[in-house]
There are 2 protein chains.
Amino acid sequence: MSELDTLIGLLAKLPGLGPRSARRAALHMIKRRESVMEPLAAALRDAATAIRPCSVCGNLDTVEPCAICRDPRREPNTICVVEDLADLWALERTAAFRGRYHVLGGTLSALDGVGPEELNIGALIARLSPGMELILALNATVDGQTTAHYIADRAAATGAAVSRLAQGVPIGGELDYLDEGTLTAALKARRAV
Amino acid sequence: MSELDTLIGLLAKLPGLGPRSARRAALHMIKRRESVMEPLAAALRDAATAIRPCSVCGNLDTVEPCAICRDPRREPNTICVVEDLADLWALERTAAFRGRYHVLGGTLSALDGVGPEELNIGALIARLSPGMELILALNATVDGQTTAHYIADRAAATGAAVSRLAQGVPIGGELDYLDEGTLTAALKARRAV
């Protein structure tokens, strides 16, 4: 059954799937050839053909520039910089941000040998000018914060205002379960009520 | 991003994947267009085209009859009947069975309105003759055991010997964690040492 083994081997390499769940997924699909397997093959082929990185912001889309960069209702003077496409999707799901994005494609990392040239940083700085706002929406990890500092330094020279996401207690979070770092940040950033 | 949304929607319907892991899998793939996405699209298309149910036993394969039915090294007079392809795969992984299979495609179920005509039972009975052995490898569920009884009754008329998988304590199983039914079965089927 070489076609099936090939399929299972490829499925097993996807994040979140192991050999066992890849077998289950393959079995599910071959039992539903017309409703699941053929549409999925077509969707993969279409996506592989059509999706390209946006030359402006690094988002992936089927149009160039991407739907967000070309949307006239989105505020062009506010740019939210994220590490990864997944972060852009997470922010879009909130529907709370109506500006544009810039996807870095990773973070600076001395350990992994990732320097500023490896990231989409030059294009970001070139987009900035006085009167614009740059929101740093990088992950609250060591590498994310290092990258945020580096970008804030370089952005300062462009005259753009720079801000970052608030840190504090998550909505629904119980203090007893939060780490000390989060609680410390929440205390420091406390607001008058 | 309609191509991407289509892809994520289809991935999210696979067993073991939800919306979140489907997004992660899609993102993983579009970042690895040539190494992951295109091979997977091709593997799905090839599998959908090539894989067909075996007319003898109901196994899915790219050849007709399937590789197991046509393998001359496999004992033709021992047939192991299973509910589902996943059970056949599980038995094949043990490498402990060298006979042929018969895949029912489900179990009898009064609740779901599955009668003998809906299952691949007629073809199984037609394969049996005196001197052959039929091994019932159905799940130890109520529906599985009902189906096993039904098949054993019909197989008796063919002159074939009928056996079923042993029930008892799983290898590595701790008695304290086993249900009463398994312990009762293991006690009843105790063997002299």
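Predicted model: local features only at pLDDT ≥ 70, side-chain atom pairs only at ≥ 80, totals over all residues.
## How the two chains meet

Let's start with the meeting of the two chains. On each side of the contact there are 46 residues, 46 from chain B and 46 from chain A. Together, chain B and chain A bury about 4,400 Å² between them, and 73% of that area comes from carbon and sulfur atoms.

Polar links are part of the picture too. Between chain B and chain A there are 6 residue pairs in polar contact, counting pairs where both residues have pLDDT 80 or more. Several elements of chain B each give at least two residues to the side that touches chain A: helix 1 (2–12), helix 2 (19–31), helix 3 (33–50), strand 2 (60–61) and helix 5 (85–94). Helix 3 of chain B makes the largest contribution to that side, with 15 residues. Sorted by class, the side of chain B that touches chain A consists of 28 nonpolar, 13 charged and 5 polar residues.

## Salt bridges

How many salt bridges does the structure hold over all chains? There are 6. Of the salt bridges in the model, 2 run between chain B and chain A.

In one of these, B:Lys31 pairs with A:Asp84, and their closest N and O atoms are 2.8 Å apart. A:Lys31 forms a salt bridge with B:Asp84, again with 2.8 Å between the closest N and O atoms. This pair crosses between the chains: A:Lys31 sits in helix 2 (residues 19–31) of chain A, while B:Asp84 is in the loop between strand 3 (78–82) and helix 5 of chain B.

## The symmetry of the pair

What rotation superposes chain B on chain A? A rotation of 180° does so, with 0.0 Å of shift along its axis and an RMSD of 0.1 Å. This is why the two chains can be described as related by a two-fold axis. In chain B, the C-alpha nearest the axis belongs to B:Ala41, at 2.4 Å from it.

The same surface is used by both copies, as 100% of the contact residues of chain B recur in chain A.

## Two domains in chain A

Now for a look within a single chain. Chain A is divided into domain 1, covering residues 24–53, and domain 2, covering residues 60–164. Taken over C-alpha atoms, the centres of domain 1 and domain 2 of chain A are 32 Å apart. Where these domains touch, 4 residues come from domain 1 of chain A and 4 residues from domain 2 of chain A.

Domain 1 and domain 2 of chain A bury about 330 Å² between them, with 60% of it on carbon and sulfur atoms. Which three residues supply more than any others of the area that domain 1 of chain A buries against domain 2 of chain A? They are A:Ala50, A:Ile51 and A:Pro53, which supply 80% of that area. The count of salt bridges between domain 1 and domain 2 of chain A is 0, and there is 1 residue pair in polar contact, with both residues at pLDDT 80 or more. On the side of domain 1 of chain A that touches domain 2 of chain A, 3 residues are nonpolar, 1 is charged and no residue is polar.

## Backbone details to look for

Most residues other than glycine have a negative phi, and most peptide bonds are trans.

A cis peptide bond joins A:Glu64 to A:Pro65, with omega about -5°. A:Pro65 lies in the loop between strand 2 (60–61) and helix 4 (67–70) of chain A. In chain B, the peptide bond from B:Glu64 to B:Pro65 is cis, with omega near -5°, and B:Pro65 is found in the loop between strand 2 and helix 4 (67–70) of chain B.

Is phi of A:Ala95 positive or negative? Phi of A:Ala95 is near 55°, a positive value in a residue other than glycine. To find A:Ala95, look in the loop between helix 5 (85–94) and strand 4 (100–103) of chain A.

How values were computed:
Residues numbered from 1 in each chain as written. Chains lettered and ligands numbered in written order. Heavy atoms only, no water. Contact = heavy atoms within 4.5 Å. Buried area = accessible area lost by both parts, 1.4 Å probe. Salt bridge = Lys/Arg side-chain N within 4 Å of Asp/Glu carboxyl O. Polar contact = N/O pair within 3.5 Å; in protein donor to acceptor, adjacent residues only side chain to side chain. Helix = DSSP H or I, 4+ residues; strand = E, 2+ residues; numbered from the N terminus. Nonpolar A, V, L, I, M, F, W, Y, C, P; charged D, E, K, R; others polar. Least-squares fit on C-alpha atoms with pLDDT ≥ 70 in both. Domains from an automatic or database assignment.
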